[in-house]
Amino acid sequence: MAYWLVKSEPFKYSWDQFVKDKQTFWDGVRNYQARNNLKAMQKGDEVFFYHSNEGLAIVGIAKVAKEHYQDPTTEDPNWVVVDLKPVKAFKKPVTLAEMKAEPALSNLALIRQGRLSVCPVTEAEWHTIMEMGNMQ
DNA sequence: GCCAACGTTGGC
DNA sequence: GCCAACGTTGGC
């Protein structure tokens with residue numbers, strides 16, 4: 001079991017839309033590092049859903065419903081998607097500012113490499129963030 | 001809307 | 001294979 005974090009701009013695809021859809025394929029990844037992370041995801045892995053640009057917070061938890069497959073929005077075999085489904089929303093979203101202020105999260109990939117749209121989260125980081133969001 | 005960070009591209 | 005130029009992302 002591994003943990004991940006994906007980003008979405010709420011304009012483009014918000015958590016609310018995700019919940020309404022019940023399931024979605026995570027497309028639009030056009031970065032090799034992010035793509036490699038997508039490929040490493042396994043069914044059942046848990047994923048933080050982060051709102052970039054607006055909100056700047058982790059707003060919910062998703063689960064990998066289907067492992068990577070060819071991105072249906074392109075012919076290019078370089079790119080893949082995974083299926084995600086919503087698990088639950090944070091009662092209290094954990095903001096980027098809070099995560100930056102938390103010493104236990106100083107190595108968080110999201111903070112170290114802000115532009116990476118799909119990044120790994122360690123188990124310790126996962127639990128820290130869960131506590132910060134009152135999700136324990 | 002600006003700017004910093006970073007990835008990608010292309011000329012040499 | 002290096003490096004400058006350029007484009008994109010995302011925080012502020």
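Trainee: With which residues is lysine 66 in contact, once its neighbours within four places in sequence are left aside?
Mentor: Please keep in mind that this is a predicted model. With the neighbours within four places left aside, the contacts of lysine 66 are Val82 and Asp83.

Trainee: Is lysine 66 buried or partly exposed?
Mentor: A residue counts as buried under 20% relative accessible area and as exposed over 50%. Lysine 66 has a relative accessible area of 42%, so the residue is partly exposed.

Trainee: Over the ring of which residue does the charged end of lysine 66 sit?
Mentor: Here the charged end of the lysine 66 side chain is compared with the centre of a ring, and the distance comes to 4.3 Å. The ring over which that charged end sits belongs to tyrosine 69.

Trainee: Which residue joins its side chain to that of threonine 24 by a polar contact?
Mentor: Threonine 24 has its place in strand β2, residues 24-25, and with a relative accessible area of 13% the residue is buried. Beyond its neighbours within four places in sequence, threonine 24 is in contact with several residues, among them Phe18, Val82, Asp83 and Leu84. The polar contact between side chains has a length of 3.4 Å, and the partner of threonine 24 in it is tyrosine 13.

Trainee: How many aromatic pairs are there?
Mentor: Rings of Phe, Tyr and Trp pair if their centres lie within 6.5 Å. By this rule, the count of aromatic pairs is ten.

Trainee: What kind of aromatic pair do tryptophan 15 and phenylalanine 18 form?
Mentor: Both residues lie in helix α1, residues 15-21, and they are three residues apart, about one turn of the helix. Tryptophan 15 and phenylalanine 18 are both buried. Planes over 60 degrees apart count as edge-to-face, and with 5.6 Å centre to centre and 70° between the planes, this pair is edge-to-face.

Trainee: Why is the pair of phenylalanine 48 and tryptophan 126 called stacked?
Mentor: This pair links distant parts of the chain, with phenylalanine 48 in strand β3 (residues 46-51) and tryptophan 126 in helix α5 (residues 123-132), 78 residues apart. Phenylalanine 48 counts as buried at 0% relative accessibility, and tryptophan 126 is buried as well, with a relative accessible area of 3%. Planes under 30 degrees apart count as stacked; the ring centres of phenylalanine 48 and tryptophan 126 are 3.9 Å apart, and the pair is stacked because its planes lie at 15°.

Trainee: Which residues does isoleucine 129 touch, not counting residues up to four places away in sequence?
Mentor: Isoleucine 129 is one of the buried residues of α5. The largest nonpolar core has 41 residues, and isoleucine 129 is among those that touch the most other members, along with Trp26, Phe48, Leu84, Phe90 and Met99. Not counting residues up to four places away, isoleucine 129 touches Phe48, Ile58, Phe90, Val94, Met99, Leu105 and Leu108.

Trainee: Against which elements do the buried residues of α5 pack?
Mentor: The buried residues in α5 are Glu125, Trp126, Thr128, Ile129, Met130 and Met132. The elements against which these residues pack are β1 (3-8), β3, β4, β5 (80-95), α3 (96-101) and β6 (118-121).

Trainee: What is the phi of asparagine 134?
Mentor: Most residues other than glycine have a negative phi. Asparagine 134 lies in the segment after α5, and at 39% relative accessibility it counts as partly exposed. Its phi is positive, although the residue is not a glycine, with a value near 55°.

Trainee: How far is a base oxygen of DNA strand B from an N or O atom in the side chain of arginine 115, and what is 58% of the nearby atoms?
Mentor: The residues around DNA strand B include Asn31, Tyr32, Gln33 and Arg115. Of the atoms of DNA strand B within 4 Å of the protein, 58% belong to sugar or phosphate.

How values were computed
Residues numbered from 1 in each chain as written. Chains lettered and ligands numbered in written order. Predicted model: local features only at pLDDT ≥ 70, side-chain atom pairs only at ≥ 80, totals over all residues. Heavy atoms only, no water. Phe/Tyr/Trp six-rings, centres within 6.5 Å; stacked < 30°, edge-to-face > 60°. Helix = DSSP H or I, 4+ residues; strand = E, 2+ residues; numbered from the N terminus. Buried < 20%, exposed > 50% of the residue type's maximum accessible area, 1.4 Å probe, protein only. Lys NZ or Arg CZ within 6 Å of the ring centre and 35° of its normal. Core = buried A, V, L, I, M, F, W, Y, C linked by side-chain atoms within 4.5 Å. Contact = heavy atoms within 4.5 Å. Near = heavy atom within 4 Å. Polar contact = N/O pair within 3.5 Å; in protein donor to acceptor, adjacent residues only side chain to side chain.
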